Each structure stands twice: as C-alpha cells, then as structure tokens.
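Where does the ligand sit, and what lies around it?

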Amino acid sequence: MRRKLVAGNWKMHGSRADNGPLIEAILAAPNLETVDCVVCPPFVYLAELARALRGAAVKLGAQNVGAEAQGAYTGEVSAAMLKDVGCQYVIVGHSERRGLYGEDDVLVARKFAAAQSRGLLPILCVGELLAEREAGRTHELVGRQLEAVVALTGIGSFARAVVAYEPVWAIGTGRTASPQQAQDVHAFIRQRLAERDAKIAADLQILYGGSVKAGNARELFLQADVDGGLIGGASLKAEEFLSIVAAARG
Ligand code: PGA
C-alpha cells in the first residue's frame with residue numbers, strides 16, 4: 001500500500017511575516033504523520049523554515065535545483081546546498097520552469113540526477129499543454145518527459161523519486177482534470193515504468209497537480225493510481241491545505 005503524499009508548492013509567494021503563522025497553523029494539525037506532508041517555499045526561506053520544522057512530521061522541499069554540483073553558475077543553488085539547509089525533497093521540471101525558463105527534458109533529467117546525487121528526493125513534474133491534449137498527444141508527451149529521465153538515470157532511480165502529473169492547462173486555472181482524466185494518465189505513467197520494473201512502478205508515489213482544492217481533493221485521491229497532490233494556490237492557506245491533507249488520509 002503506497003502512502004499518500006501532499007506537497008505544497010508555494011511558488012513565488014510568501015514573506016517572513018506570512019510564513020511563520022502558516023507553518024504554525026499547519027504544525028498544529030493532528031495526525032500529520034499519517035501522510036507524507038511537504039512544504040516547498042522559495043529558496044530564501046528554506047533555512048528559517050527548516051528550523052521551524054525540526055523534529056516535525058512536515059518535510060521541507062525546494063522548488064528548483066541547479067544541475068551542476070558547484071562553481072561559476074551565478075544565481076543557481078546546488079543540491080548540496082539544499083541538503084545542507086535541511087531539504088529532503090525538490091521539485092524538478094515544473095511546467096513553469098519548462099515553459100517560462102526554457103528547461104528542456106534533458107536539463108530536467110540532469111536536475112533529477114543532481115538532486116539524487118545528494119540524497120534529495122526529486123518530485124518530477126510531467127504534463128501536457130492544452131493543445132497537446134486536444135491533439136490526443138498526452139501520452140506521447142508525458143512518455144517523452146519520463147523517458148528522458150529514465151535514459152539518464154535508469155529505472156532504478158525511480159525507487160527514490162516521486163512523479164507529479166500536472167496538466168499545464170489545469171495549473172492555476174481553476175480547471176481541474178476530472179478524476180478519470182487524472183487516473184488515465186497516472187495509470188499510463190505507472191504502466192510505462194512497469195514495463196521496465198514492475199516493483200518500482202508499483203511502489204512509486206504519483207501525485208496529481210493542477211487546481212487541487214479542499215473541494216475536489218477527495219475524489220481525485222480516491223483514484224487507484226493517484227497517491228496525493230502537488231498543491232499550488234491552495235497550499236498558501238493553512239485551512240485549505242490541511243483539508244487537502246485530511247482528504248489524503250481518506
Ligand atoms: P495550482 O498549482 O494548485 O495553483 O494549480 C499546482 C502547481 O503548479 O504545482
């Protein structure tokens with residue numbers, strides 16, 4: 001039985017004044033340890049939040065990582081640095097990184113490898129654009145994004161990773177994939193990886209992301225291959241985020 005995982009992607013939101021009360025409210029909730037619960041704030045807040053989360057059931061993740069180990073890469077943050085300040089997870093290949101900052105499949109795969117080389121668990125985001133879905137190319141696109149990582153790091157690396165299916169047309173739009181649409185792609189992802197290693201595919205946590213809210217989380221999480229969510233906007237309000245965590249608990 002796979003554990004459910006709920007990760008909050010704060011994106012470029014937050015402030016020291018806002019983060020403290022948000023984390024305090026999350027930590028005050030009962031039974032947090034019954035699901036894997038992660039918060040992913042902007043880089044600059046990681047160290048401070050790591051202190052707030054010390055010994056707590058909530059884990060810390062970053063939203064991005066440099067592909068290189070160290071050196072003259074102005075503005076980049078390495079996997080070793082993320083580990084150093086207390087991260088356990090890192091999101092790689094978010095569609096905003098792919099779409100707005102030109103990260104291609106190969107770079108995303110290198111970031112996935114960099115994260116794992118320092119013992120971080122990558123949350124690998126995959127997902128299609130609306131035009132790609134309408135053209136019936138969803139499986140082709142998602143398959144290609146997965147294959148790029150398998151090609152670089154091997155199927156074995158998925159034993160230490162999380163995949164998040166995030167249809168780009170559902171992110172921040174209020175337009176959620178239907179539970180059936182999500183299940184279809186999640187099953188495809190698991191099947192594609194199972195062709196390489198059935199055990200690793202069966203154990204892999206596959207999250208859904210894209211306008212998940214307290215009101216739709218339960219139905220999504222009831223799907224056989226949906227193991228939780230990557231939550232954007234709704235992760236910025238403690239009550240909403242905790243309702244989603246409660247939905248994951250079943
Ligand atoms: P959203 O974002 O929940 O605001 O749609 C999800 C994500 O981008 O991870």
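Begin with Glu 166. In this predicted model, a polar side-chain atom of Glu 166 lies 2.7 Å from an oxygen atom of the ligand. The backbone takes part too. Gly 232 places a backbone N or O atom 2.9 Å from an oxygen atom of the ligand. For Gly 233, a polar backbone atom is 2.9 Å from a ligand oxygen. How much of the ligand does the protein cover? On its own, the ligand has 280 Å² of accessible area, and the protein covers 95% of that.

Now widen the view to the shell. The ligand is surrounded by 13 residues. Lys 11, His 94, Glu 166, Gly 172 and Ser 211 are the closest. By type, the shell divides into seven polar, four nonpolar and two charged residues.

Next come the pockets, found on the protein atoms alone. Rolling a probe the size of a water molecule over the atoms shows where empty space is left. The largest pocket has a volume of about 540 Å³. Its lining is made of 19 residues, and Lys 11, Met 12, Gln 63, Arg 97 and Tyr 101 are the closest to its centre. Lys 11 is also among the residues closest to the ligand.

Turn to the second largest pocket. The space in it is about 220 Å³. Here 17 residues form the lining. Nearest the centre of this pocket lie Arg 98, Gly 127, Leu 129, Gln 145 and Val 168. H4 contributes here as well: H4, strand S5 (121–126) and helix H7 (138–153) each supply at least two lining residues. The lining of the second largest pocket has five nonpolar, six polar and six charged residues.

Finish with the charged pairs. How many salt bridges are there? The count comes to 16, taking a side-chain nitrogen of Lys or Arg within 4 Å of a carboxyl oxygen of Asp or Glu. One of them joins the side chains of Asp 227 and Arg 2, at 2.8 Å from N to O. This pair links distant parts of the chain, 225 residues apart. Asp 227 is in the loop between helix H10 (214–221) and strand S8 (228–231). Arg 2 is in the segment before strand S1 (5–9).

Definitions and conventions: Residues are numbered from 1 along each chain as its sequence is written. This is a predicted model: local features need pLDDT of at least 70, side-chain atom pairs count only at pLDDT 80 or more; totals for chains, interfaces and linings use all residues. Side-chain values use heavy atoms; hydrogens and water are left out. On a 1 Å grid over the protein atoms alone, a cavity is a set of points where a 1.4 Å probe fits but cannot get out, and a pocket is an open set with protein on both sides within 12 Å along at least five of seven lines; lining residues have an atom within 4 Å of a point. Grid points are joined across faces, edges and corners, and a volume is the space filled by probe spheres set on the points. Helices (H or I, at least four residues) and strands (E, at least two) are DSSP runs, numbered from the N terminus. Ala, Val, Leu, Ile, Met, Phe, Trp, Tyr, Cys and Pro count as nonpolar, Asp, Glu, Lys and Arg as charged, and the others, Gly among them, as polar. A residue is near a molecule or strand if one of its heavy atoms lies within 4 Å of it. A polar contact is a pair of N or O atoms within 3.5 Å; within protein, one must be able to donate a hydrogen and the other to accept it, and residues adjacent in sequence count only if both atoms are side-chain atoms. Accessible areas come from the Shrake-Rupley method with a 1.4 Å probe; for residues, only the protein chains shown count as cover.
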